[in-house]
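Colleague: Could you walk me through this one slowly? I am new to reading structures and would like to ask as we go.

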Amino acid sequence: MSAQFESKRLASLLSLIVLGLNIASCATDSQNVKTISLVGAGASFPAPLYERWLSDYNQQNPNVEINYQAIGSGAGVQQLIKGTVDFAASDVGITNEQAAKVKRGVIALPLTAGSIVLAYNLTTTARQSSQVNLPNSLKLSRQVYTDIFLGKITNWNNPRIAVANPAVNLPDLPIQVVHRTDSSGTTSVLTQHLSTVSPEWKSKVGVGKSVAWPVGVGAKGNEGVTALVQQIPGAIGYVEYAYAIQNKLPVAALENKSGNYITPTPESAARTLETVKLPADNLIAFITDPIGAQSYPIATYTWLLTYRQYQNPIKAQALKNFVNWALIEGQKSSLELGYIPLSKEVVIQAQSVANKITE
């Protein structure tokens with residue numbers, strides 16, 4: 001009986017030893033899993049979606065920490081050129097001249113897309129929380145919204161605005177244009193469109209990430225423009241669709257090339273992007289004035305910019321893994337936040353180019 005007890009005691013002791021070794025092994029493995037940190041900066045246009053992606057990705061991959069700062073497309077590209085970030089983001093991709101300054105090479109990857117909308121605030125006082133008996137989509141003709149930005153239409157009850165909105169009692173309220181002050185891809189896309197539809201805009205103001213605005217007050221980032229539009233009665237500003245929707249700002253239905261007034265939605269912007277063919281060499285292309293009858297006139301891809309070569313192979317692989325996740329799993333949350341999921345064709349193109357990221 002004593003021998004049987006001693007045998008059971010020995011078996012229990014051995015089990016405890018094995019369990020202890022397994023726990024120690026797991027602890028050692030856990031200590032060996034190093035956290036990988038990636039830092040990026042750039043466009044504010046995709047920032048709400050990027051924030052969701054980075055949070056979701058970190059939950060699934062807790063050893064990968066990716067930090068993104070929305071400092072504007074221009075500043076993001078400059079950080080990439082200086083080598084102070086692991087990746088950047090830009091609503092206008094990157095020019096050949098800029099890319100030539102990046103010694104490690106550059107890869108531009110379209111990760112999502114969206115529309116640029118004209119959000120407005122027609123409350124008569126700063127304290128009012130809702131628009132006064134006005135529709136959520138005032139109709140603005142091509143010439144009208146261009147002339148608003150040119151400073152030629154200065155009041156909301158202007159007859160040229162009223163003619164497209166006959167059933168609306170427009171307030172006698174000064175128009176306050178809100179524009180970007182930072183180097184902005186959103187500004188570049190908007191001014192490309194305005195230069196296409198208006199010879200006067202093209203000759204007087206032109207295209208660029210930063211331009212000399214004829215009128216208005218400035219703010220930094222899509223979030224800054226959104227905040228000023230919310231605060232200023234009579235304000236109108238241009239922001240990415242998601243910012244207006246999340247902040248419950250009304251947005252204008254814009255006249256497109258076919259003469260139709262199109263309300264911005266992910267569906268109407270997707271129709272615009274259907275006609276954009278991304279070249280195989282750099283995947284960067286724009287459409288400044290779509291011809292589709294139901295196409296919203298101002299929509300664009302936005303690009304993640306990576307180096308072609310990374311000195312740290314672990315970082316290179318971590319970034320490739322995230323890009324592939326964003327191109328597949330990440331697209332599922334695009335519509336929820338007001339962005340446009342990429343087509344299968346664009347996803348395949350982007351995946352192929354992402355594979356060229358090397359150590």
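Predicted model: local features only at pLDDT ≥ 70, side-chain atom pairs only at ≥ 80, totals over all residues.

Colleague: Okay, which residues of helix H9 are buried?

Modeller: In H9, which spans residues 221-231, the buried ones are Gly221, Asn222, Gly224, Val225, Thr226, Leu228 and Val229. Buried means under 20% relative accessible area, exposed means over 50%, and partly exposed is in between, using a 1.4 Å probe and protein chains only. Helices (H or I, at least four residues) and strands (E, at least two) are DSSP runs, numbered from the N terminus.

Colleague: And what covers those buried residues of H9?

Modeller: The cover includes strands E4 (106-120), E6 (176-180), E7 (217-219) and E8 (235-240), together with helices H7 (185-197) and H10 (241-246). Contact here means heavy atoms within 4.5 Å.

Colleague: H7 came up there; where do H5 and H7 meet?

Modeller: Arg142, Tyr145, Thr146 and Phe149 in H5 meet Leu190, His193, Leu194 and Val197 in H7. The axes of these two helices come within 10 Å and cross at roughly 120°, where axes are lines fitted to C-alpha atoms, for helices over the stretch in contact, and angles run from 0 to 180 degrees between N-to-C directions. That makes H5 oblique to H7, because angles under 35 degrees count as roughly parallel, over 145 as roughly antiparallel, 65 to 115 as roughly perpendicular and the rest as oblique.

Colleague: Switching to salt bridges, how many does a search of the whole structure find?

Modeller: The search finds eight, a salt bridge being a side-chain nitrogen of Lys or Arg within 4 Å of a carboxyl oxygen of Asp or Glu. One of them joins Glu336 and Arg52, whose closest N and O atoms are 3.0 Å apart. Glu336 lies in the loop between helix H12 (313-328) and helix H13 (344-354), whereas Arg52 is in helix H2 (residues 47-60), so the pair ties together parts that are 284 residues apart in sequence.

Colleague: Is Glu336 buried or exposed?

Modeller: Glu336 counts as exposed, at 58% relative accessibility, while Arg52 is partly exposed, with a relative accessible area of 25%.

Colleague: What about Lys152, which residues is it linked with in a network?

Modeller: Salt bridges link Lys152, Glu200 and Lys204 in a network. Within it, Lys152 and Glu200 have their closest N and O atoms 3.0 Å apart. That pair links distant parts of the chain, since Lys152 is in the loop between helix H5 (142-150) and helix H6 (159-162) and Glu200 is in helix H8 (residues 199-204), 48 residues apart.

Colleague: Last topic, the open sheet: in what order do its three strands come?

Modeller: The order is E5-E9-E10, with mixed pairing. Strand E5 (139-140) and strand E10 (261-262) stand at the edges, each with a single partner strand, so one side of each is left without a neighbour in the sheet. Strand E9 (residues 253-255) and E10 pair in the antiparallel sense over two bridges, and two strands count as paired if DSSP finds at least two bridges between them. Glu255 stands opposite Tyr261 in E10.

Methods:
Residues numbered from 1 in each chain as written. Heavy atoms only, no water.
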